[in-house]
Amino acid sequence: MSNVVNDPISDLLTRIRNGALARKDYVDVPYSRMKESIARILSDNGYVGAIEKIPGEGVRPLLRIGIKYTRGRFGVIQGIERISRPGRRVYFGMKDIPSVKSGLGMAIVSTSRGVMSDVEARRQSVGGELLCRVW
């Protein structure tokens, strides 16, 4: 049985969610530039810890993502949800990008200028594909 994943971004989000629930220190995911961009945004906004590209077992490298916890050992990420999927893409103009939990969370948007947070997309006046929401 092969390890083919139809939606690698959903796989990334699920591994982060499950790693936090299982109280893991980190999760390893197959590397891609898109996943690294998403993980970097999550790290820059304090949702996950350090991001590191490490050699994998085969030819493909892995992306190691540190999981952050609160003092009570609860995951910093309360919820993480995929919005745009391969079967149903969701796009927003820059004025229409929704806020997440009244500004307490964030959305990650894939724009013509790269992958960025919803706040950064509004600041740069660009819209794009809404990849996921985190709170």
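Analyst: The lining of the second largest pocket divides into five nonpolar, three polar and two charged residues. Here Ala, Val, Leu, Ile, Met, Phe, Trp, Tyr, Cys and Pro count as nonpolar, Asp, Glu, Lys and Arg as charged, and the others, Gly among them, as polar. The model is predicted: local features need pLDDT of at least 70, side-chain atom pairs count only at pLDDT 80 or more, and totals for chains, interfaces and linings use all residues. Residues are numbered from 1 along each chain as its sequence is written, and side-chain values use heavy atoms, with hydrogens and water left out.

Among the lining residues are Arg17, Arg23, Phe74 and Gln78. Helix H1 (residues 8–21) gives the largest share, three residues. Helices (H or I, at least four residues) and strands (E, at least two) are DSSP runs, numbered from the N terminus.

Now the salt bridges (a side-chain nitrogen of Lys or Arg within 4 Å of a carboxyl oxygen of Asp or Glu). The structure holds eight. One of them joins aspartate 7 to arginine 82, with the closest N and O atoms 3.0 Å apart. Aspartate 7 lies in the segment before H1 and arginine 82 in strand S4 (residues 80–82), so the pair ties together parts 75 residues apart in sequence. Aspartate 7 counts as buried at 13% relative accessibility; arginine 82 counts as buried at 8%. Buried means under 20% relative accessible area, exposed over 50%, partly exposed in between (1.4 Å probe, protein chains only).

Arginine 40 and glutamate 36 also meet in a salt bridge (3.2 Å, N to O). They sit four residues apart in helix H2 (residues 33–44), so about one helical turn separates them. Arginine 40 is partly exposed, at 36% relative accessibility.

Methods. On a 1 Å grid over the protein atoms alone, a cavity is a set of points where a 1.4 Å probe fits but cannot get out, and a pocket is an open set with protein on both sides within 12 Å along at least five of seven lines; lining residues have an atom within 4 Å of a point.
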